[in-house]
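Good morning, colleagues. Please turn to the structure on the screen, which I shall present from its overall build down to individual elements.

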Amino acid sequence: MTKEKQLEDLKNICEKCYACEIGSRRDKMVFSAGNPNAKVVFIGEAPGKDENAQGLPFVGRAGQLLNTYLEKVGINREKDLYIANILKCRPTNPDRPNKDRVPATPEIKNCIDYLYKQIETVQPNLIVLCGGTSLKTLTGKKTIQISKVRGSVFELELNGHKYNAIAIYHPSYLMQYASQEQKDITLEDLKLIKTYV
């Protein structure tokens, strides 16, 4: 069975998942984007408003900034990357349906096996942990900081499989809070990532 077929079957299973409260009230399920045969997998946090509307990850303002950075270093988003999120549904609160929030631990537990299966199917040479939630969730280290680990490749074990991984600042962080130095070093990190493409 091809990777495309395996992922399509998994997507069909995800679309029927209502394990948590946000799944039961979602508009769309955001499964992935990019190339199932890519050597690099990008892992984000969860869909936001634009991602929920389009059914694709990293398509809002943060995604547009990511595209700009990828183009600067010569990474082709559609050909060179497979992109997924920890959560497949947009996390909001019922009383504030237009405000995104960080995924809750039970939601992550309900959804993480789908991500593991995506990664196992793609079999990347490198996993890019995009943002603090992705880094903390997939390393299992709740106090780990991107500023302390970025810039170098480390070993990541997921579901009994070992992968090369690197952490980068999330583009939404770069847009809102980052210093110029953090923006510059993110470009350097992406140049390192390009060597795995």
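In what follows, helices (H or I, at least four residues) and strands (E, at least two) are DSSP runs, numbered from the N terminus. By that definition, the protein has ten helices and eight strands. This is a predicted model, in which local features need pLDDT of at least 70 and side-chain atom pairs count only at pLDDT 80 or more, while totals for chains, interfaces and linings use all residues. Residues are numbered from 1 along each chain as its sequence is written, and side-chain values use heavy atoms, with hydrogens and water left out.

I begin with the overall dimensions. The C-alpha trace spans about 40 × 40 × 30 Å along its principal axes. The radius of gyration, taken over C-alpha atoms, is compared with a globule rule of 2.2 Å times the number of residues to the power 0.38. For 197 residues a compact globule would come near 16 Å, and the protein, at 16 Å, agrees. I call a residue buried under 20% relative accessible area, exposed over 50%, and partly exposed in between (1.4 Å probe, protein chains only). Of the 197 residues, 50% count as buried. Contact means heavy atoms within 4.5 Å. Among contacts with a separation of 6 or more, 69% are between residues 24 or more positions apart.

Next, the sheet. Two strands pair if DSSP finds at least two bridges between them. Six strands form an open sheet with mixed pairing, in the order β1-β3-β2-β6-β8-β7. At its edges stand β1 (33-34) and β7, each with a single partner strand, so one side of each is left without a neighbour in the sheet. Strands β2 and β3 run parallel and are joined by five bridges; Ile 43 stands opposite Ala 84 in β3. By contrast, β7 (residues 154-158) and β8 (residues 161-168) run antiparallel, also with five bridges. Here Glu 155 stands opposite Asn 164 in β8. These two strands form a hairpin with two residues between them, and Asn 159 in the turn has a positive phi of about 55°.

Which helices lie across this sheet? For the angles, axes are lines fitted to C-alpha atoms, for helices over the stretch in contact, and angles run from 0 to 180 degrees between N-to-C directions. Helix α6 (residues 105-122) lies across β2, β3, β6 (126-130), β7 and β8, at about 170° to β3. Helix α10 lies across β2, β6 and β8, at about 150° to β8.

Let us now examine helix α4 (residues 61-73). Its buried residues are Ala 62, Gly 63, Leu 66, Tyr 69, Leu 70 and Val 73. Seen down the axis of α4, these fall within an arc of 120°, so they line one face of the helix; the arc is that of the directions from the helix axis to the C-beta atoms. What do they pack against? Their partners are β2 (40-44), α5 (77-80), β3 (81-85), α9 (171-176) and α10 (180-194). On the other side of α4, Arg 61, Glu 71 and Lys 72 are exposed. Gly 74 follows α4, with a positive phi near 85°.

Finally, helix α7 (residues 132-139) has Thr 133, Ser 134, Leu 135, Thr 137 and Leu 138 buried. Their cover includes β2, α6, β6, α8 (146-149), β7 and β8. Just after α7, Gly 140 takes a positive phi of about 75°.
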